Amino acid sequence: MKKLSVKSVVAIGIGAALFFVLGKVSIPTPVPNTYISLQYAVEAVFATLFGPIAGLLIGFIGHTLIDATSYGPWWSWIIASAFVGLVIGLATMKLNVEEGVGTKQLIHFNVAQVIAHLLAWGLVAPVLDILIYAEPIEKLFSQGLLAAVANIITTGVVGTLLLLGYAKTVVKKGSLTKED
């Protein structure tokens, strides 16, 4: 297996810290234990920039820290958060945002994040909640549906803006010239 670069390890640390902070600043919803927050936008962008392992670890570490400082680890949703980062990282591996971000890349990014959130919150989290915690099915799918919709919207809006902002900061190859 390929070793993680120092840049990727630093990105994982920063991404997990941002995931944690943004996850602690959230808006409660009418569905119990389900919130609207921005951490998945950051996870999606970091997974796109640094790959699936970074995305997985950011989601896993960040969500574990949120739960550990709140009510204790809820492993089904921690695993689902890691899954989101992994899927987005895998699906966007071929995107070269270093070369710029256009409509095609943004569509690709958003299709990836929609699929990741639908699978994570519509399948992974509810199934693990049933297997690990024997939670009532009707509660799980209302939580999962709301989480998926909220995360798709926040990742779509904020993640897209973050990618566009990042692309504007990258120096394009061949754009610098040597002065005599």
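Q: Where is K7 found in this predicted model?
A: K7 is found in helix α1. Everything here comes from a predicted model.

Q: Why is K7 called exposed?
A: Its relative accessibility is 59%, and exposed means over 50%, so K7 counts as exposed.

Q: How far apart are the C-alpha atoms of K7 and S76?
A: They are separated by 29 Å, and the two residues are 69 places apart along the chain.

Q: S76 sits in α4, then; which residues of α4 are buried?
A: The list is S76, W77, I78, A80, S81, A82, V84, G85, V87, I88 and G89.

Q: What covers those buried residues of α4?
A: The cover includes α1, α2, α3, α5 and α6.

Q: How do you know that the span of α4 agrees with what a helix should have?
A: Take 1.5 Å a residue: the 17 residues of α4 should then span 24 Å. The end C-alpha atoms are 24 Å apart, so the two values agree.

Q: Which residues touch the most other members of the largest nonpolar core?
A: Out of 32 residues in that core, they are A80, V84, I88, F109, W121 and L163.

Q: Which helices each supply at least two residues of this core?
A: That would be α1 (6-24), α2 (39-50), α3 (52-68), α4 (75-91), α5 (103-133) and α6 (137-169). The one that gives the most is α5, with eight residues.

Q: What is A80 in contact with, leaving aside its neighbours within four places in sequence?
A: A80 is in contact with A120, W121, V124 and A125.

Q: How many aromatic pairs does a search of the whole structure find?
A: Six. One of them joins F46 and F50.

Q: What makes the pair of F46 and F50 tilted?
A: The ring centres are 5.8 Å apart, and pairing needs them within 6.5 Å. The planes are at 40°, whereas stacked needs under 30 degrees and edge-to-face over 60, so this pair is tilted.

Q: Where do F46 and F50 lie?
A: Both are in helix α2, four residues apart, which is about one turn of the helix. In an α-helix there are 3.6 residues a turn, so residues three or four places apart point the same way.

Q: Why is F46 called buried, but F50 partly exposed?
A: F46 has 15% relative accessibility, and buried means under 20%, so F46 counts as buried. F50 has a relative accessible area of 25%; that falls between 20% and 50%, so F50 is partly exposed.

Q: Why is the pair of W74 and Y133 called stacked?
A: Their ring centres are 3.8 Å apart and their planes are at 15°. Stacked needs planes under 30 degrees apart, so the pair is stacked.

Q: Which parts of the chain does the pair of W74 and Y133 link?
A: Distant ones: W74 is in the loop between α3 and α4, and Y133 is in helix α5, 59 residues apart.

Q: Why are W74 and Y133 called partly exposed?
A: W74 is at 28% relative accessibility and Y133 at 24%. Both values lie between 20% and 50%, so each residue is partly exposed.

Q: Which residues form one aromatic cluster?
A: F19, Y40, W77 and W121 do.

Q: Which residues lie closest to the centre of the largest pocket?
A: This pocket has a volume of about 460 Å³. Of its 24 lining residues, N33, Y35, H63, Y71 and W77 are the closest to the centre.

Note on methods
Residues are numbered from 1 along each chain as its sequence is written. This is a predicted model: local features need pLDDT of at least 70, side-chain atom pairs count only at pLDDT 80 or more; totals for chains, interfaces and linings use all residues. Side-chain values use heavy atoms; hydrogens and water are left out. A nonpolar core is a set of buried Ala, Val, Leu, Ile, Met, Phe, Trp, Tyr and Cys residues joined through side-chain atoms within 4.5 Å. Buried means under 20% relative accessible area, exposed over 50%, partly exposed in between (1.4 Å probe, protein chains only). Contact means heavy atoms within 4.5 Å. The expected span of a helix is 1.5 Å times one less than its number of residues. On a 1 Å grid over the protein atoms alone, a cavity is a set of points where a 1.4 Å probe fits but cannot get out, and a pocket is an open set with protein on both sides within 12 Å along at least five of seven lines; lining residues have an atom within 4 Å of a point. Grid points are joined across faces, edges and corners, and a volume is the space filled by probe spheres set on the points.
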